[in-house]
Amino acid sequence: MLEELKEMMCNYIEAAPETITPESEFINDLGFNSFDFMCLLGEIEEKYGIHVNEEEIIGLSTVKDAMDYIEKLKKA
Amino acid sequence: MKEFTINGTVMKCYPLTAAQRLHFYTIKFAKPQVLNIGTGLYIKQEVDFDVLKQSVKEAIADFDSMRLRFIQDEDGTVYQYVIPFDEREVGFFDFSGWSESDAHEEMTKWTHKPLERLNSAMNRVVMIKYPGGYNGIYLKVDHMTMDSSSIIEFNKRVLELYCAKVYDYPQPKPLQSYIKAVERDLEYERKDNPSHINDEEFWKSQIEGSEPMYTDFTGPGRLLTQRRESGNPDLRSAVITSTTLDAAISVYHLEGEPSARLLDFCAENKVSMASLLLMGLRTVLSKFNNDEKDVSVKTNVARRGTLLEKHSGGTRIHFFPLRTILEPEQTFIEGIRTIQAEQNRIFRHANYDPIELNMKRAKYRKFTPGASYESISLTYQPLTLREKNTEMPDIDYKTFWYSNGVAAQPLYLTVMHRPEDNGLNFNFEYKKDVVSDSEMEFLYYYYCRVLFRGIEDKTRTIGQILEMI
């Protein structure tokens, strides 16, 4: 999933995929803003057939947080 | 898409996007210069104007939306296309010996002058020798071709090209295709596009929910008068159109240090600056309207998520109503988080045509023409010339936004960072027959009081803050 996420993220930010790690923070390290992040989530929803909740995603700081959240929704 | 033969060449021309049609709708009700945006960017150093001229020409060659043209078909429908080359001359004006206020007034006059829209460049660039040892460029664009993000990107590009020539700084990265971004937008607008269908359902549910409440930035007088005149004591919307469109801009400068405190608060609490500013504004409106809990404002969505959207220029802004219902017992930070979640919801449906949304809402609520629930539009512009990726030397800058003298709505607030110290400028563009400069000052004063009472103790309740200010 990390590689797929990296590919999607690189449509929004000017970062080389190899520099993105699970510990990377969306805002502080990768330069995402709220709008970028919501657009990315839209793509993630489509790709994994899940539905994210706007209140829950406010707490997602790192790429790993997002991966864990997606896994949780996929299992639900 | 439609093909036109222009100067002997067959050109692919595209319909206007929803963001452009939003402006097109505005000019039906206002003077033609209502869409002019005038800006000045001046650096405190001697400038080689031949090199600057070359940099401007190269920036125009790189930047598709500076070469955008409109054309009309036999039915009067407007289409757009990008010309491959634009060989126009770049103007020059020397303000040496002028006072800064006279120079400002002169360039404001330039901004008042309408631009031709059909088969013509919808922008003007003039190199400026500015008072006080500053030099740079004045840029006037038609808002249907570029928005503030595009303008900042263009100005940044001119500076980067100039610095690459003069100081051997790296050449700026290539830009993205404007037409590709337009094609994506038009693809979304197809009625059978799944994202479009999904967004339509979302906004329908918003319209058909409970009715919002109009809160005016001057207090409840407007709504109360219209309730009396209409004989409807339960009226919740108000007509906000007025007799004239004459406008002015009042700019208030929040110093670098307090601005940094607002930014630090956002970073520490993982909330966006836009949400903090919206929380402050809705609380001021609540205060001015007898502590009303149900407050709506218009919020701007820049719609620049992907790299294509960020670096293709053009005009992409959509405006949507943002409704907040907050109880006095809720804390300041809870209010911000509620607003952020609401903003996130809007972001996910922000490609929807705002004019269509307004028309559907007006029909559902049986609005009197010109009625609204929102008295203010708020735009937060986070971009500055000092973005961290910008390859430029440390130069002292001045930037200005000049009024076009006309406004289509009563009050349009833009909060943007100053490049010189990252402090915040609060630009209030207001209709002169609706409100005065001193009333803007009053509004700004209360706005700051709310923001700083809130951030000094985020657990303060909204009720406490309303009492304190």
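Which residue is the bridge partner of Thr299(B) in E14(B)? In this predicted model, that partner is Leu378(B).

Strand E14 of chain B covers residues 376–381. Five of its six residues are buried, so E14(B) is largely enclosed by the rest of the structure. On one side, two bridges join E14(B) to strand E11 (residues 294–301) of chain B, and these two strands run parallel. Besides the pairing of Thr299(B) with Leu378(B), Lys298(B) stands opposite Ser377(B) of E14(B). Strand E14(B) is also joined to strand E16 (residues 411–417) of chain B, here by six bridges and again in parallel. Within that pairing, Ile376(B) has Leu411(B) of E16(B) as its bridge partner.

These strands belong to an open sheet of six strands in chain B, with the order E10-E17-E16-E14-E11-E12 and mixed pairing. The edges are taken by strand E10 (247–254) and strand E12 (318–325) of chain B; each has a single partner strand, so one side of each is left without a neighbour in the sheet. On average, neighbouring strands of the sheet are turned by 25° against each other, direction ignored. Helix H13 (residues 437–456) of chain B packs on this sheet, where it touches E10 and strand E17 (424–431) of chain B. The direction of H13(B) makes about 35° with that of E10(B).

A helix pair in chain B can be described as well. Two packed helices are described by the angle between their axes and the distance between the axes. For helix H9 (residues 273–288) and helix H11 (residues 332–347) of chain B, the axes come within 9 Å and cross at roughly 115°. The crossing of H9(B) with H11(B) is right-handed. From H9(B), the contact involves Ala274(B), Ser275(B), Leu276(B), Leu278(B) and Met279(B). These meet Phe332(B), Gly335(B), Ile336(B), Ile339(B), Gln340(B) and Gln343(B) of H11(B). Sorted by class, the contact of H9(B) with H11(B) has seven nonpolar and four polar residues, and no charged ones.

Taken as a whole, chain B has 14 helices and 17 strands. Its radius of gyration is 23 Å, close to the 23 Å that the globule rule gives for 469 residues, so chain B is as compact as a globular protein of that length. The C-alpha trace of chain B spans about 65 × 55 × 40 Å along its principal axes. Of the 469 residues in chain B, 43% count as buried. Among contacts in chain B with a separation of 6 or more, 76% are between residues 24 or more positions apart.

Chain A has three helices and zero strands, and its elements run α-α-α from the N terminus on. The radius of gyration of chain A is 11 Å, close to the 11 Å given by the globule rule for 76 residues, so chain A is as compact as a globular protein of that length. Its C-alpha trace spans about 30 × 20 × 20 Å along the principal axes. Buried residues make up 26% of the 76 residues in chain A. Residues 24 or more positions apart account for 53% of the chain A contacts with a separation of 6 or more.

Finally, the two chains touch. Twelve residues from chain A and 15 residues from chain B take part in the contact. The side of chain A that touches chain B has five nonpolar, three polar and four charged residues.

Terms used
Residues are numbered from 1 along each chain as its sequence is written. Chains are lettered from A and ligands numbered from 1 in the order in which they are written. This is a predicted model: local features need pLDDT of at least 70, side-chain atom pairs count only at pLDDT 80 or more; totals for chains, interfaces and linings use all residues. A residue is buried if 20 or more other C-beta atoms lie within 10 Å of its own, exposed if 12 or fewer, and partly exposed in between; C-beta atoms are placed from the backbone. Helices (H or I, at least four residues) and strands (E, at least two) are DSSP runs, numbered from the N terminus. Two strands pair if DSSP finds at least two bridges between them. Two residues are in contact if their C-beta atoms, placed from the backbone, lie within 7 Å. Ala, Val, Leu, Ile, Met, Phe, Trp, Tyr, Cys and Pro count as nonpolar, Asp, Glu, Lys and Arg as charged, and the others, Gly among them, as polar. The radius of gyration is taken over C-alpha atoms; the globule rule is 2.2 Å times the number of residues to the power 0.38. Axes are lines fitted to C-alpha atoms, for helices over the stretch in contact, and angles run from 0 to 180 degrees between N-to-C directions. A crossing is left-handed if the near helix is turned anticlockwise from the far one by less than a right angle, and right-handed if clockwise.
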